[in-house]
Amino acid sequence: MMRQFALLSFILAFFALPAMAQAPATEMMGPPAPTGINPDEPLSYDPELARLATILGSLHYLRNLCGEESNQWRNEMETIILSDKMDGLRKKRAIAAFNDGYQAFSASYTQCNARAIEAIGKFQSEGTTLTSAILTRYKS
């Protein structure tokens with residue numbers, strides 16, 4: 001449970017702070033992974049984490065489309081993978097969810113417009129709500 005709490009605390013801090021005020025990803029690493037965990041075995045919060053990965057992929061595409069020009073969202077996904085000590089199928093599923101979010105918007109948005117900006121706001125709001133719900137549900 002400590003690994004879950006550390007990861008979820010990181011995620012909540014990530015969405016709660018403005019993008020420019022975030023601490024570097026290396027400062028938010030979680031505790032060492034417990035031994036004996038099957039890297040292919042889904043954890044109880046993996047469905048929520050998959051949705052979060054999709055949101056991050058979507059934000060990575062949309063924010064860059066609208067002028068951000070950074071890998072911040074991709075780097076945050078990588079930090080989550082590292083913090084949660086994901087390996088095997090869990091890691092592949094998380095990466096696939098991120099890529100699905102990216103590709104869903106790259107197929108339909110070729111320029112920044114009001115709808116893209118609205119989608120960014122909705123994804124950031126959903127990410128905040130989702131991380132709060134995950135933290136509340138899995139912190140015990």
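**Two antiparallel helix pairs**

The axes of helix α2 (residues 46-65) and helix α5 (residues 114-138) cross at roughly 155° and come within 10 Å. The model is predicted, with local features requiring pLDDT of at least 70 and side-chain atom pairs pLDDT 80 or more, whereas totals for chains, interfaces and linings use all residues. Residues are numbered from 1 along each chain as its sequence is written, and side-chain values use heavy atoms, without hydrogens and water. Helices are DSSP runs (H or I, at least four residues) numbered from the N terminus; axes are lines fitted to C-alpha atoms over the stretch in contact, with angles from 0 to 180 degrees between N-to-C directions.

α2 and α5 are therefore roughly antiparallel (an angle over 145 degrees). Their crossing is left-handed, the near helix being turned anticlockwise from the far one by less than a right angle. On the α2 side, the contact (heavy atoms within 4.5 Å) includes Leu52, Ile55, Leu59 and Arg63; on α5, Ile120, Phe123, Leu130 and Tyr138 are among the residues involved. By class, this contact has eleven nonpolar, four polar and five charged residues. Ala, Val, Leu, Ile, Met, Phe, Trp, Tyr, Cys and Pro count as nonpolar, Asp, Glu, Lys and Arg as charged, and the others, including Gly, as polar.

A second pair is formed by helix α3 (residues 72-83) and helix α4 (residues 88-106), whose axes lie 11 Å apart at an angle of about 160°. These helices are therefore also roughly antiparallel, but α3 passes α4 in a right-handed crossing (clockwise). Trp73, Arg74, Met77 and Ile81 of α3 meet Lys91, Ala94, Ile95 and Phe98 of α4. Six nonpolar and two charged residues make up this contact, with no polar ones.

Notes. Parallel < 35°, antiparallel > 145°, perpendicular 65-115°, else oblique.
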